[in-house]
Amino acid sequence: MVRWLGIAAFAVVIAALPRLVPQFVAFELTYAAAYAIAIVGLVILIGRTGQISLGHGAFVAVGGYTLAILVTHGVPYGLGIVAAALIAGLLGVALGGIALRLAGVYLALATFALANSVAPVLKRFGSLTGGAQGLSIPSHSETELYYLTWGVAALLFALAYFGLRSRVGLALRALRDSEIAAVSFGVNPVFYKTLAFGWSSAYAGVAGALLALATAYVSPDVYSVALSLNLLVGAVIGGLQLLWGALLGGLVIQFFPLWSQAISPALAAVVYGIALILIMMFMPGGIAGALGRRMSFIRRGHE
Amino acid sequence: MNGSAAMVSVEGLSIHFGGVAALSDLSFEVGEGQITGLIGPNGAGKTTCFNCITGLYRPSAGTVVFKGQNLTRLAPHRIAGRRIARTFQNLELFPSMTALENVMVGGANRARALELLDYVGQRDNAARIVHGLPFGARKMIEIARALAMEPELLLLDEPASGFGHDAIGQIGDTIERIRSDFKTTILMVEHSMQLVMRVCNRIIVLQSGQKLAEGDPAAIAANPAVIEAYLGS
Ligand SMILES: Nc1ncnc2c1ncn2[C@@H]1O[C@H](COP(=O)(O)OP(=O)(O)OP(=O)(O)O)[C@@H](O)[C@H]1O
Ligand SMILES: [Mg+2]
């Protein structure tokens with residue numbers, strides 16, 4: 001009950017914000033929502049199956065370019081977003097099959113290599129991708145982009161919430177908790193791990209499409225390794241075990257660097273780094289984990 | 001086999017780990033509807049035998065035939081799909097899940113999972129995360145999870161271990177009740193001779209990966225080789 005009221009209140013705030021804050025802040029919130037979508041994908045993959053990906057930026061890139069290529073060929077952006085989800089998702093399924101053969105640090109290395117290969121591949125196929133120049137996309141009003149991105153985020157959060165509570169979510173948790181027991185109770189490990197990889201990649205693809213729309217532009221340099229690492233940071237800082245941690249993660253990776261910049265332009269990266277280290281030291285379950293504990297503590301205190 | 005058909009036939013099963021032959025040329029049958037005991041000293045290969053039947057280990061030779069179908073090369077989740085359920089000697093619950101969710105992974109819906117927890121006396125723990133529950137409770141939840149598969153064959157690895165001596169009668173009752181309520185065939189590894197002698201129709205004795213003896217409880221209790229193996233260890 002409290003939870004649903006909280007969600008309703010949050011939705012009202014989000015819907016009202018563009019009227020209350022300066023336009024550039026609303027625009028930054030659009031980015032935060034898009035990042036949050038990609039981070040939900042990581043929460044599903046890492047938090048629920050224990051597979052680590054350092055290469056999610058690659059699926060963001062696939063989503064961004066899918067949208068950009070389709071839209072510049074006259075396809076409506078709604079279809080472009082759906083196509084971005086499908087293509088990134090299918091690629092995720094294909095790579096998930098390979099990922100299955102790798103574990104732990106090898107999986108991390110392979111996905112890291114994937115993140116590194118994005119820019120060279122995009123530059124290589126210049127006739128389709130615009131090469132190093134990238135592609136320009138017709139721009140849209142900032143208000144439209146804000147509501148589109150938050151609307152899609154709400155939809156995908158809900159889908160993840162119910163998906164993780166379904167049989168599929170139970171199977172994924174079973175595999176993470178004890179693979180031996182899971183397979184002994186009929187959970188097909190190849191199927192579910194591949195599914196999780198595809199699911200999470202599709203989310204990254206949608207995030208990429210929305211980011212491309214917001215920026216009205218895609219270019220290889222946007223999808224550097226730093227993007228993949230930033231998404232992972234967002235997931236860890238937000239909290240890997242709780243879905244709404246992804247929302248906090250999206251806000252953190254969008255706003256912390258800006259704040260760090262404001263505190264000390266010369267040492268922005270250092271300030272950002274220190275803030276992250278402090279959060280990890282004092283909130284091992286991420287911000288969501290720490291807040292969740294605090295809230296259940298308060299609730300118990302009232303009983 | 002006391003007139004009942006073989007549900008499981010293990011034929012010439014062999015597996016080794018490095019230099020250790022955990023099972024060598026092991027053959028036996030499990031009769032449908034019976035409770036068969038698999039006993040033997042520590043390290044005899046009992047758990048290894050379970051792991052071969054359920055597909056967790058791949059034997060280097062031999063076959064496991066279940067209801068006329070060869071299981072030997074199937075993946076564990078497919079073997080589970082044939083309704084072969086098990087418990088684990090060292091407990092393998094899903095620690096982050098509630099007791100209810102654990103049982104639901106076995107294949108039951110919410111209502112059925114609650115019934116099964118009730119059946120093993122763990123309904124009060126349904127909403128608790130299993131990680132912090134006492135050993136005895138977790139053991140019963142593992143049994144409920146196995147029953148959620150509506151198993152045709154149920155493999156119990158040391159159901160009485162960790163319980164006190166006076167609980168053994170109760171565990172025996174539970175196992176017999178499961179056999180008749182669920183019309184399931186049971187293969188059970190157990191060190192408590194008292195429990196084995198009471199519930200088993202037939203007993204197979206393993207030693208160093210080989211079959212030492214096989215027979216009904218009275219014959220096994222009187223078998224000099226078995227007495228020697230047990231007194232010797
Ligand atoms: N995964 C494994 N890797 C290496 N050795 C193994 C493995 N599994 C079993 N073994 C070895 O196989 C032999 C049989 O072990 P197993 O666990 O089957 O014995 P057990 O009869 O179940 O004994 P206990 O009564 O102690 O449970 C032992 O020597 C054990 O060390
Ligand atoms: Mg054992």
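**View 1. Polar contacts of ligand 1 in the predicted model.** In this predicted model, a polar side-chain atom of N42(B) sits 2.8 Å from an oxygen atom of ligand 1. The protein covers 65% of the 630 Å² of accessible area that ligand 1 has on its own. For Q89(B), an N or O atom of the side chain is 2.7 Å from an oxygen atom of ligand 1. The side chain of H191(B) likewise places an N or O atom 2.9 Å from an oxygen atom of ligand 1.

**View 2. The shell of residues around ligand 1.** Ligand 1 is surrounded by 14 residues. The closest of them are N42(B), K46(B), T47(B), T48(B) and Q89(B). By type, the shell divides into seven polar, five nonpolar and two charged residues. At least two shell residues come from strand 2 (20-31) of chain B, and at least two from helix 1 of chain B. Helix 1 of chain B gives the largest share, three residues.

**View 3. The magnesium ion (ligand 2) and its protein donors.** Two side-chain atoms, OG1 of T47(B) and OE1 of Q89(B), are the protein donors of the magnesium ion, at 2.0 to 2.1 Å from it. T47(B) belongs to helix 1 (residues 46-53) of chain B, while Q89(B) belongs to the loop between strand 6 (84-86) and helix 3 (99-105) of chain B, so the pair ties together parts that are 42 residues apart in sequence.

**View 4. Helix 1 of chain B.** Helix 1 of chain B is mostly covered, with seven of its eight residues buried. The buried residues are K46(B), T48(B), C49(B), F50(B), N51(B), C52(B) and I53(B). Just after the helix, G55(B) adopts a positive phi of about 85°.

**View 5. T30(A) and its surroundings in chain A.** T30(A) lies in helix 2 (residues 23-49) of chain A. T30(A) counts as buried because its relative accessibility is 1%. Apart from neighbours within four places in sequence, the contacts of T30(A) are L145(A), Y146(A), T149(A), W150(A) and A214(A).

Key: Residues numbered from 1 in each chain as written. Chains lettered and ligands numbered in written order. Predicted model: local features only at pLDDT ≥ 70, side-chain atom pairs only at ≥ 80, totals over all residues. Heavy atoms only, no water. Helix = DSSP H or I, 4+ residues; strand = E, 2+ residues; numbered from the N terminus. Buried < 20%, exposed > 50% of the residue type's maximum accessible area, 1.4 Å probe, protein only. Contact = heavy atoms within 4.5 Å. Donors = N, O, S within 2.8 Å, 3.2 Å for Na, K, Ca; no water. Near = heavy atom within 4 Å. Polar contact = N/O pair within 3.5 Å; in protein donor to acceptor, adjacent residues only side chain to side chain. Areas by Shrake-Rupley, 256 points an atom, 1.4 Å probe, with all protein chains shown as cover. Nonpolar A, V, L, I, M, F, W, Y, C, P; charged D, E, K, R; others polar.
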